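Please open the model in a viewer and keep the selection panel at hand.

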Amino acid sequence: MYTLGLDASTQSFSAVVIDTAEGSIVAEHAINFGQHLPQYNAPQGFIPDGKDGEVHADPRMWLDALELLLQDLGKLCDLTKIKAISGAGQQHGSVYLNKEWFKIIPELNPKVNLAEQIEVSLSRNSAPIWMDRSTHEECREISAKVGGDAAVCERSGSIPIERFSGPQIRRFYKNEPIAYESTARIHLVSSFICSVLCGNDCPIDTGDASGMNLMNIEHWDWDPELLHATAPGLVDKLPPVRPAETQAGILSSFFSKKFGLPAGIPVTLFTGDNPSSLVGMGASQPGKIVVSLGTSDTFFAAMPQVVADPKGCGHVFGNPMGGSMSLQCFVNGSLAREAVKDKFHFNWNQFTNALENTKPGNGGQVMLPFFRPEVSPRLNCERPLMTGSEAFCDWQEAEAAVRACVEGQFLNMKCCSEWMQLQPKTIYLTGGASKNDAIAQILADIFQVNVERLAVSGSVALGAAMRAACQSSDITLDELELSFCSPLENSLLYPQVAPHHYDAAAEKLAKLLEAAP
Ligand code: ADP
Ligand code: XUL
């Protein structure tokens, strides 16, 4: 049986088709937004230069990418063999739709593009995404109404967070009350794409709903007090919350007629990219820790019990296979590594050479590579914090800067994830940068753990294909993990420095943070 997993991420829309009987990958493909859809002027998947910390994307770009993806995938494998579908989306992004939405999606015409048909149902042209940090005031207002940050955290698993959808919705309601009034449905990226596939308005799963500051993590349902504190009439504008294992519907005839997918196959509810990656990495039972180096860097694990971050930077999300997961997100992930790479006009090979030519500890030169305000820890700065020689701080030492960037990221990651109280022996690494051995070695050295990569690189899409298979056949998650979540041969890395090698650097970074404006 073939199943299809989709991943509507920040910089690309990707897909994997798996054969569950053979335990093999049939096809993998991605549409990069900047490269394939330049007409949207979003080279990195979002509209650049947003004002007041706004970061938005055009939902039509995601729809165009979905069509290109399915078109290309049809050339790589036999789509008629696909028996079930699921997917995931970048977390927190919200899509605003008017009442036309409910009429348009059941009647999608395969002769007209999705974007063209759905455009008229957008009550807001663009969708704020997870990089948006424009809602500081709204976070404070929600906190005040609910009884403080700790009260919001106890209910929703996170204190009010600027990029989370609840504060984003409140800002839209305050700034564009008429457009808010005309909004009949608010979807996340995941539930929006899921609805389009089904031709039917679909629920939001508990994994992605927990990234909104609107769902109660004890009842796994909308929290009336949080809704009330966020915006009026919100309960009617949100779809229901359901467990990720729910069948969302069956595939709309639009996709069978246009792309040759079989008519009426089941679609399992979509979830967020990180919860989906938890499944794809074979980590949905407590015990495994995953670090994803995608556009954002994330550190996450399934949790035996719910523990909240006392500093308020970490999150508790729903685990798509039941229970919960903890997550810490670092906004300055790949985009910061790219910024350092581009500063010296390096390509990834030269970036890697720089890591190989320099020594662990970097001769005491350290950096917190925050090119945009960071959320872990919360810091409102626009350029990296550095300490070392004058030449280093003046960006004259290219190789030292590259090593300082990666070391600073992982030292900060270690410090910010301590609240989870996990003592890993191995970290499972995924995301675009995970294939870089020199980066992975630094993770092993700093955390003093083994680092393992899996054979499949796209763990988000894989997790979706695995969930689709579990929900639509007798195959178990254990069987799927055996086939698809095995380590990449010869990819295991061990720490190569002594346990306290990085203590001095960690102290220097702590001082840099203390002194930060
Ligand atoms: P997302 O799913 O968030 O859109 P990915 O997980 O696909 O992102 O990761 C994309 C990122 O991976 C790119 O932005 C790039 O910075 C990074 N990347 C790709 N190749 C390498 C490499 N060889 N070394 C380091 N980073 C890389
Ligand atoms: C998680 C987060 C990002 C996005 C995009 O809280 O904001 O990891 O899910 O990948």
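**Stop 1: ligand 2**

Select Gln 91 together with ligand 2: a backbone N or O atom of this residue lies 3.1 Å from an oxygen atom of the ligand, a polar contact being a pair of N or O atoms within 3.5 Å. The model is predicted, so local features need pLDDT of at least 70 and side-chain atom pairs count only at pLDDT 80 or more, whereas totals for chains, interfaces and linings use all residues. Residues are numbered from 1 along each chain as its sequence is written, chains are lettered from A and ligands numbered from 1 in the order in which they are written, and side-chain values use heavy atoms, with hydrogens and water left out.

For Asn 274, the corresponding distance from a side-chain N or O atom to an oxygen atom of ligand 2 is 3.0 Å. On its own, ligand 2 has 290 Å² of accessible area, and the protein covers 97% of it (Shrake-Rupley method, 1.4 Å probe).

Now display the shell around ligand 2, which includes Thr 10, His 92, Trp 130, Asp 273 and Cys 329 (a residue is near if one of its heavy atoms lies within 4 Å). Colour domain 1 (2–275) and domain 2 (283–455 + 487–517): both give residues to this shell, so ligand 2 lies between them. The domain bounds come from an automatic or database domain assignment.

**Stop 2: ligand 1**

Which residues come nearest to ligand 1? Of the 14 around it, they are Gln 11, Thr 295, Glu 338, Gly 432 and Asn 436. Select Gln 11, which has a polar side-chain atom 3.0 Å from an oxygen atom of ligand 1. In the side chain of Thr 295, an N or O atom is 2.7 Å from an oxygen atom of ligand 1. At Asn 436, a side-chain N or O atom is 3.1 Å from a nitrogen atom of the ligand. Ligand 1 exposes 590 Å² when taken alone, and the protein buries 78% of that.

With the domain colours still on, note that domain 1 (2–275) and domain 2 (283–455 + 487–517) each supply at least three residues of the shell around ligand 1.

Conventions: Polar contact = N/O pair within 3.5 Å; in protein donor to acceptor, adjacent residues only side chain to side chain.
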